[in-house]
Amino acid sequence: MKFHLIIAHDSHLKAVRPIEIYLQSKNRTVIRHNIINNTQLDEALSVSSIMDGDIIVSAIGGGKMNELVKLLGGRKVLLVGLFPGIISQSKVEDLIGKWYFDILLVNCQRDLTLYNTFCEIHNLNSNAILYGCSWFDEGKYSSKTMTDLPKNYFLFIEQLGIPDNREEANALLAGLDALSDRMNTKCVVKLRHSSLFSSPEQGKSSLLDYHRSTNLKNITFSTEPMSTLIKKSKFVVSFSSSALIESILLGIPTFVIIDFGSKRYFVDYFVGSGIQKSIKDISITNTLNKNWKENFCIDPSRHLPEIIDRIMQSSPVNRNVNFSIWKLLQLIFKYRLLLGNFGFLQNLLKTYFRLSKRGTSRGV
C-alpha cells in the first residue's frame, strides 16, 4: 500500500511531516511530492507515479487539488485532506471546499462542528476526523545553542501584510524594542523565508528594511527554523501565526498582538484565548484560557495511530451533494449561531456558488 504526500509550501511540509515519519516507522511506502504552485500539475514529473498510489494525503489548496482530482479521473484512490494552518471564521470555505475528500483531518473542535454542520444540511455522511494542529510535532523542537542569537530573547513571528504601511511598521518595531527594555531581554524577529524552495516567501513583509532605517538596539532578525527559535524563547509574540499554537503546546508563554491591522486576519481564532494583548500590556503572567486551549490547541500525536488505522481500513467513495439556495440559507443561519457574526458571509457565498456550478460529485 503506497502513501503519496502532496505539498506545495513549507507549511504543507510541516503538516504532512508527522504523518510521514509515523508511516516510515511502520515500514510503509511513503512518497512525497513537491508541487510548485505556478507549475501545471500535469507537467510535474512525479504526477505519473501518483496514479499508481493507493492513498493520497494532500495539504495543497483547492485549485491544485481540483487539478489533481481531474487527472485521477475515475481511479480508485483514497483522498485524505488536511489543513496546514489555522482557519479563520472568514475562511470557512476552506472547510466546505473539501467535501469530496474520502477523509478530512480537521485541526480543532470548532472546525469539526462547522464542517459537520455543512454535511448535515447537505445530507452527507461526515468524513471528518478531529486530528489536531497538523503542523505541530513535538519531537522536532530543539534547544541547541545558536551562537549568532542573544542568550536571552523573546520571539516575534513576522506575518505577511501586517503591518501594511511604513508608519505602522515603525510603530511595531518601536513597540517591540520598548517591550525588550521592559522585560530585560532581546527581541528576535523570525523572518518569512521558504526553505523548501530556497527563496524568500513571495509577498514577505519588509520589517527588515524598515529596521535598517531605525537601527533599534534590541532587535535581531533570523531565518533560523521555527523549531529552534521557539524552544529557546522566553515568550512568543505575533499577530495570528499558526506557530503561536506550537508555542502554546510547548508550554511557552504566548501572546497575540491586537495593535495595528491584525483584525483583518486570523485573530478571531484566538477570541476567548485570554492571550490577546496590546504590546504595552504584555507580561509573562499566564492568562491562557484552559477551555479554549482544549478546543483549539490539540496535539495531533494523540490521535495519529488511530487515524492511520482508520485510513488504511477505508475505501474510496463517490460522494455526491446537491447544492441549493435553501440549503445555503440554512448554512448561513447555522453558521451565524455558531460564530456569532457574519464575518464568514462574503467568502462563503462566493465559494458556495462556485461549488454549485462545478458539479455534484468527486472529480467534476
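I began with helix 5 (residues 109-121) and helix 12 (residues 325-339), which pack at an angle of about 155° with their axes 10 Å apart. I am working from a predicted model here. Angles over 145 degrees count as roughly antiparallel, and helix 5 and helix 12 are therefore roughly antiparallel to each other. I also looked up the handedness: helix 5 passes helix 12 in a right-handed crossing.

Next I listed who touches whom. Helix 5 brings Arg110, Thr113, Leu114, Tyr115, Thr117, Phe118 and Ile121 to the contact, and helix 12 brings Lys327, Gln330, Leu331, Lys334, Tyr335, Leu338 and Leu339. I sorted the residues of this contact by class and got eight nonpolar, three polar and three charged.

Then I turned to helix 1 (residues 10-25) and helix 11 (residues 304-312). Their packing angle is about 75°, and their axes lie 11 Å apart. That makes helix 1 roughly perpendicular to helix 11. I found Pro18, Ile19, Tyr22 and Leu23 of helix 1 in contact with Leu304, Pro305 and Ile308 of helix 11. What classes of residue make up the contact of helix 1 with helix 11? I noted seven nonpolar, no polar and no charged residues there.

Last, I checked the second largest pocket, whose volume is about 240 Å³. Of its 14 lining residues, Gly251, Ile252, Pro253, Asn286 and Leu288 are the closest to its centre. Strand 11 (254-257) and helix 10 (290-296) each give at least two residues to the lining of this pocket. By class, I have that lining down as seven nonpolar, five polar and two charged residues.

How values were computed: Residues are numbered from 1 along each chain as its sequence is written. This is a predicted model: local features need pLDDT of at least 70, side-chain atom pairs count only at pLDDT 80 or more; totals for chains, interfaces and linings use all residues. Side-chain values use heavy atoms; hydrogens and water are left out. Axes are lines fitted to C-alpha atoms, for helices over the stretch in contact, and angles run from 0 to 180 degrees between N-to-C directions. Helices (H or I, at least four residues) and strands (E, at least two) are DSSP runs, numbered from the N terminus. Angles under 35 degrees count as roughly parallel, over 145 as roughly antiparallel, 65 to 115 as roughly perpendicular and the rest as oblique. A crossing is left-handed if the near helix is turned anticlockwise from the far one by less than a right angle, and right-handed if clockwise. Contact means heavy atoms within 4.5 Å. Ala, Val, Leu, Ile, Met, Phe, Trp, Tyr, Cys and Pro count as nonpolar, Asp, Glu, Lys and Arg as charged, and the others, Gly among them, as polar. On a 1 Å grid over the protein atoms alone, a cavity is a set of points where a 1.4 Å probe fits but cannot get out, and a pocket is an open set with protein on both sides within 12 Å along at least five of seven lines; lining residues have an atom within 4 Å of a point. Grid points are joined across faces, edges and corners, and a volume is the space filled by probe spheres set on the points.
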